[in-house]
Amino acid sequence: MARTAERMEESLWVRQAQEGSEEAFCKLVRLHHDSVRGFLFRFVRNASIMEDLAQETFLSAFRRIRTFREESSLRVWLLGIARLGALKYLREEHQRLSRQSAALETAVADWRIQTLEREGPSDPERELSALRQCLKGLPPSSAHLVAEYYYKGHSLSDLARSYGKRGSAMKMTLLRIREALRECVEQRLSTGEVTA
Amino acid sequence: MCRAETVDRRGDGVNGDRVLELWAEFTAGGNLTPAEKSELLGALQADENLRRKLMRNDEIDALLQGSARKESDGASFPEVFAQRLAAQHDATRFVDKIRTRLGEETLTPRRLARHAWRAPRGEASRRLLLPALVAASLLLTIIVTMAGHGGVKPSPQGIERRPESPEIAHPEPASRPPVAEQSSKSRDSRPPKAADPAPRPSDQPDPKPARPEPPRPEVIPTPEPATPREDNAPAKPPAPAPAVPRKTESVAATLEQVEGDAGVLAGASRTPAKAGQGLLAGQGLGVAGPKGFAAVLFPDKTRLEIDAGTELTDLFDVDAPGKDARGKRLFLKRGTLTAAVARQPADRPMVVRTPHGEARVVGTTLRLVVEPGSTRLEVMEGRVQLKRFSDGKTADVPAGHFAVAATGADFAAKFIPVDEILLLPRPEKVKLIGEDWKLIRDEKAPGGLALDVPWSLKRLPRGADKARHPGSFASFTFQADAGKDYSVWVRGYCSASKDRLTYDCIGLEAVNGEFSRSASLFGAAGKSFMLVDNLAAYDTYGWINDQHPTTSPSPVTVRFARTGTQTLRLYALEAPVRIAAVWLSATQRSLPPADQEGPKAEKK
């Protein structure tokens with residue numbers, strides 16, 4: 001019921017925004033900015049640039065809102081605009097890096113472009129939901145480390161000190177935890193075992 | 001977990017764990033040697049499956065970071081967007097008004113006479129309209145671009161240049177900005193920035209005015225300021241500098257202003273600082289004493305204001321382009337620094353380091369306060385990235401927000417509460433639209449500048465028609481909180497010598513705000529307008545709310561619909577009048593004494 005009510009509300013705001021209501025469009029921004037920002041950050045690994053691209057995405061969407069047809073999902077439509085922005089940025093970044101002869105960084109940018117071109121906009125909310133479920137399945141020590149590093153904001157050097165390890169060992173431990181999470185997330189997404 | 005999968009699967013002799021270590025180091029921002037980078041690149045190019053897994057691993061890292069950020073600072077995004085949307089909308093409406101205005105004015109005989117083209121009426125209209133539309137389109141582009149960096153900025157070009165008149169042709173830099181504008185409680189502290197293009201309708205070519213200019217009020221002339229000039233050249237020292245830089249050492253910046261006890265720091269030595277003196281690359285500045293203050297100007301017009309109790313060292317300007325070129329940088333050891341940073345090269349931001357963190361700035365107005373144990377960053381314009389040294393975390397701080405870098409403290413960006421807003425007419429702060437208002441020198445005004453509506457305009461059209469066609473006004477842009485009642489105090493007087501009571505009224509419009517008592521004169525739009533009448537009660541500057549003496553026990557207040565950038569417009573309804581300041585206060589509820597120039601608490 002709640003989901004249906006949300007959809008009806010969103011539909012109303014879309015219509016109001018199409019009639020020029022900035023207030024209604026700002027409500028849509030509140031609904032979807034997490035998805036758009038999450039999607040952009042996956043490819044643009046710079047928080048400041050991601051925020052700028054997200055703002056541009058919504059400004060562009062506001063200008064084009066009259067062209068949106070409700071047969072598709074608004075979130076997917078927004079992610080499509082965000083994807084174009086991210087591709088443009090990554091291509092420019094790729095050119096900049098190649099001019100600097102930064103071969104590894106250029107290659108990584110190129111691979112991100114390929115991923116984005118190949119896959120199109122995925123749904124970060126669904127991925128996030130799968131990730132949350134996978135986090136619950138981590139061994140307690142791994143879950144603790146993830147919480148300390150990602151959610152409480154402790155630095156790697158602080159964690160290395162408290163765990164009595166070298167910084168490089170901490171980086172490897174985190175990489176292996178992410179690898180386990182990756183497998184779990186992909187498993188859940190492929191089998192549809194994702195709950196909202 | 002996945003160790004067995006990744007060990008030497010490629011069969012090229014490179015150990016899989018080694019690749020993982022290099023990738024972990026690379027993605028964590030660690031320093032890999034060129035050889036290690038090359039080794040990692042080769043391994044990733046050789047094994048597409050491994051590469052995809054590691055790229056996906058990196059995406060999981062992004063997802064985790066994004067989910068953590070969502071819980072900390074996501075709330076401010078919609079507010080920032082609403083401000084940007086409003087700024088863009090305002091810019092569009094502004095251009096529409098200019099178009100309308102130009103369209104209307106090109107049809108008037110007076111307008112035609114003021115142009116050199118002596119074409120038939122219809123042809124003249126077409127010839128004027130086309131460039132006007134092109135100019136308006138360009139203006140829209142400029143304004144929208146500027147809005148993306150914190151809103152439309154006032155421009156020194158907003159002031160008409162008439163050398164023979166007392167109106168100002170250059171930004172006023174010499175006097176110290178009133179302390180009220182530098183307070184953390186006032187987000188409107190924007191020291192002068194590089195000139196922004198902001199054409200106005202009056203910028204249309206006007207080579208041959210058809211009739212003489214009306215007489216102008218006599219204004220006591222003020223000395224020409226020493227710095228800065230309109231070009232980008234560094235300030236010319238008004239007096240011999242005590243320490244002349246050696247030819248082999250580069251001057252990073254110039255001391256524009258010095259008050260009280262200020263000294264130039266070079267290693268362990270401290271020599272008295274003097275206005276106009278060059279600061280060499282690597283030198284610093286210490287300001288002490290209760291009245292200490294210094295302002296530093298870089299060649300690109302980036303301006304620093306240093307308050308008493310502040311010590312900064314290792315000041316450098318942008319390096320010449322090269323492999324290791326870096327941008328402006330300095331170390332703020334303690335105290336308070338306010339900076340208006342001109343746009344910097346994207347790859348060489350200005351970096352201000354403190355004992356607790358560093359701020360990376362591409363172009364904005366900010367203030368940094370360093371105290372034992374913490375660094376507080378306030379951003380008035382633009383966006384700044386603050387890095388906390390204790391854990392390497394960064395926070396993006398947008399306009400109107402602050403963040404504190406201190407071990408164990410909440411590191412999220414938060415809104416700066418604003419209680420006192422003192423709006424002073426300065427070239428970079430006020431935008432003049434139309435021909436009613438002029439910015440003039442006036443030594444009786446705080447800061448030496450005032451808004452003036454001259455005699456010639458006499459009694460102006462008023463009422464609802466004025467509200468519908470607000471073609472000429474002075475506009476201030478500033479930061480204020482939503483839902484707060486700000487008392488409105490206008491500092492001004494009627495400058496007429498006779499019939500004073502007939503020529504002493506202005507109107508205020510709060511865009512996206514409502515006054516507690518509306519101006520019925522403006523009809524349906526009344527709630528956004530208020531009248532400030534009876535300026536004739538003063539023959540020099542004094543404070544007025546809606547009337548003087550006020551007829552109500554409580555002053556008229558204004559309340560804004562949303563927190564962030566606000567706009568207040570002044571309309572000349574009866575002239576001649578002169579305005580030195582508008583003070584919006586959440587605390588001052590009674591008429592301030594005439595000799596008080598602004599919020600008391602802000603004085604140092």
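Trainee: Helices (H or I, at least four residues) and strands (E, at least two) are DSSP runs, numbered from the N terminus. How many helices and strands does chain A have?

Mentor: Chain A has nine helices and zero strands. This is a predicted model, where local features need pLDDT of at least 70 and side-chain atom pairs count only at pLDDT 80 or more, while totals for chains, interfaces and linings use all residues. Residues are numbered from 1 along each chain as its sequence is written, and chains are lettered from A and ligands numbered from 1 in the order in which they are written.

Trainee: And how many helices and strands in chain B?

Mentor: Eight helices and 28 strands.

Trainee: What share of each chain counts as buried?

Mentor: A residue is buried if 20 or more other C-beta atoms, placed from the backbone, lie within 10 Å of its own, exposed if 12 or fewer, and partly exposed in between. In chain B, 47% of the 604 residues are buried; in chain A, 33% of the 196 residues are.

Trainee: What pLDDT does chain B average?

Mentor: pLDDT is the predictor's confidence in each residue, from 0 to 100. Chain B averages 69, and 62% of its residues score at least 70. Over residues 1-13 of chain B the value is below 50, yet that stretch has 18 contacts in the model beyond near neighbours in sequence. A contact means that the C-beta atoms of two residues, placed from the backbone, lie within 7 Å. Residues 457-469 of chain B also stay under 50, with 23 contacts beyond four places in sequence.

Trainee: What ipTM and pTM does the complex get?

Mentor: The predictor gives an ipTM of 0.87 and a pTM of 0.40.

Trainee: New topic. In what order do the strands of the open sheet run?

Mentor: The five strands in chain B have the order 17-20-27-22-24, with antiparallel pairing. Two strands pair if DSSP finds at least two bridges between them.

Trainee: Which strands stand at the edges?

Mentor: Strand 17 (430-433) and strand 24 (529-532) of chain B; each has a single partner strand, so one side of each is left without a neighbour in the sheet.

Trainee: Are the faces of strand 17 covered or open?

Mentor: Both faces are covered: B:Val430 and B:Leu432 on one side, and B:Lys431 and B:Ile433 on the other, are all buried. Four bridges join strand 17 to strand 20 (residues 473-480) of chain B, and B:Lys431 has B:Ser475 as its bridge partner there.

Trainee: How many bridges join strand 22 to strand 27?

Mentor: Six, and these two strands of chain B run antiparallel. B:Leu508 stands opposite B:Leu570 in strand 27 of chain B.

Trainee: Back to chain A. At what angle do helix 2 and helix 4 cross?

Mentor: Roughly 35 degrees, and the axes of helix 2 (residues 22-43) and helix 4 (residues 74-99) of chain A come within 10 Å. Axes are lines fitted to C-alpha atoms, for helices over the stretch in contact, and angles run from 0 to 180 degrees between N-to-C directions.

Trainee: Which residues of helix 2 and helix 4 meet?

Mentor: Among them are A:Leu28, A:Val36 and A:Phe39 in helix 2 of chain A, and A:Leu78, A:Ala82 and A:Leu90 in helix 4 of chain A. By class, that contact has eleven nonpolar, two polar and one charged residues.

Definitions and conventions:
Ala, Val, Leu, Ile, Met, Phe, Trp, Tyr, Cys and Pro count as nonpolar, Asp, Glu, Lys and Arg as charged, and the others, Gly among them, as polar.
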